[in-house]
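Colleague: Hi! Please walk me through this model, starting wherever you like.

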Amino acid sequence: MNITRRRGAIATFITLGVLTVGLAITLNITWIVLNERTVAIAVLGVILFAALIAGVVLNTVFLVREIRRNERQDSFLNAVTHELKTPIASIRLYLETLQRRPVEESQRQEFYKIMLSDSDRLLATVEQVLKAGQLGQRHRQQNRTLIDMQSLVSDCIAITLQRHHLPAETIVLEPTPGIVRLYTQGIAEDLRTAVLNVLDNAVKYSPEGVHIRCSLAISDYTWVALRVTDTGVGLPANQFKRIFTRFYRVPGRAMAKIKGTGLGLFLVRNIARQHGGEATAISPGPGLGTTISITLPLAAPASSAITN
C-alpha cells in the first residue's frame, strides 16, 4: 500500500467514524425525545449511547494507528533492503571486476578499500537491527559496571571520525566544567551503541559540512548529561518526540535523500531509559542544526570497578 492509498484509507476511516458518531447522536436524541417521560429508559439509553460512541472512537483510533504503524514498518523494510542490497551489490561488482581482468596494484588496493567500507556499512546495518531486537529481551541489571563517560565518548568520537573519514576538528569534545570525571552505572556496550548512533546521525544529517560539538556536564546535581550539537538540517518542533519512535523517519525531500533504517534514535532512547535516564532532541528549526541529549544517573567513582 503506497503513501497516497494509506492517507486515503486514514481519511476514509476518520470520515466513517465521524458519520457513524453523527448518526448515533441523531438516533439517540430522537430516542430520548420519544421516551422522555420514562426516566429509567432515558438513562439506560444515555449509557448505551456513551458506550457506543466510545467504541466507535476507539475503533477509529485503533485503525488509524495500525495504518500508520504499517506505513512505518514498510518504510523500515524498504530502507533496510536498500541498506543491505547496495553494499552487497557494490562488493559483488568489484569482486567480479577483480576476477575477470587483471588490475593494477594501486587500483586493486582502492577496490579493497571500497569493499571494506561497504562491509562495514553492511555490518553496521545488521548490528543495528539485531540490537533493536535484543534490547527488549535483555535484563536491565545485566553486566552493570561503572563507566567513565568521558573515555566512552572520546572512544566513540574516534570511531566515528575513522568510520566517516573525517578530520579531527569536525567532532570536538569540549572540556568538562570543573575538570571532573563523570561516571554512570550501566552496560558499556549498550551506551557505546547509543553514543555512536547519535554521532552517526549528526554526521549523516550534516550534508553541507560536519561541525559537531559534544559536551558532558552534571545536571541537577544527580545526572550526567551528554549533549551532541550539529549544524545540519535541523528539525521542526513537531518532530522532537517522533524521531525516537521505532521505524520513524522525518518526512520531506531533503530527509528522504539521507538513507537510514529509522532505528538509530529509537535505540538511543531505549538504551537511555533502560539505564534510568532519558534521550531528548531540540532544534532552533529546519536548517539550524539539532542537539540530542542523553541524560543518565550520575554514579560515584570507585577505583575497583571502573571500566571503559
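**Helix packing and burial**

Modeller: Let's start with H5 and H7: Asp 190, Leu 191, Thr 193, Ala 194, Asn 197, Val 198 and Asn 201 in H5 meet Gly 264, Leu 265, Leu 267, Val 268 and Ile 271 in H7. Contact is heavy atoms within 4.5 Å, and helices (H or I, at least four residues) and strands (E, at least two) are DSSP runs numbered from the N terminus.

Colleague: Which classes of residue make up the contact of H5 with H7?

Modeller: Seven are nonpolar, four polar and one charged. Here Ala, Val, Leu, Ile, Met, Phe, Trp, Tyr, Cys and Pro count as nonpolar, Asp, Glu, Lys and Arg as charged, and the others, including Gly, as polar.

Colleague: Before I forget, what kind of model is this?

Modeller: A predicted one, where local features need pLDDT of at least 70 and side-chain atom pairs need 80 or more, while totals for chains, interfaces and linings use all residues. Residues are numbered from 1 along each chain as its sequence is written, and side-chain values use heavy atoms, without hydrogens or water.

Colleague: Back to packing: at what angle do H5 and H7 pack?

Modeller: About 140 degrees, with the axes 9 Å apart. Axes are lines fitted to C-alpha atoms, for helices over the stretch in contact, and angles between N-to-C directions run from 0 to 180 degrees. The H5 and H7 crossing is left-handed, meaning the near helix is turned anticlockwise from the far one by less than a right angle; clockwise would be right-handed.

Colleague: Nice. Where do the axes of H4 and H5 run?

Modeller: The axes of H4 (residues 149-164) and H5 (residues 188-204) come within 9 Å and cross at roughly 45 degrees. H4 and H5 are therefore oblique to each other. The H4 and H5 crossing is right-handed. By class, that contact has 10 nonpolar, two polar and four charged residues.

Colleague: And how many helices and strands does the whole chain have?

Modeller: Seven helices and eight strands. Of the 308 residues in the protein chain, 39% are buried. Among the chain's contacts with a separation of 6 or more, 73% join residues 24 or more positions apart.

Technical notes. Angles under 35 degrees count as roughly parallel, over 145 as roughly antiparallel, 65 to 115 as roughly perpendicular and the rest as oblique. Buried means under 20% relative accessible area, exposed over 50%, partly exposed in between (1.4 Å probe, protein chains only).
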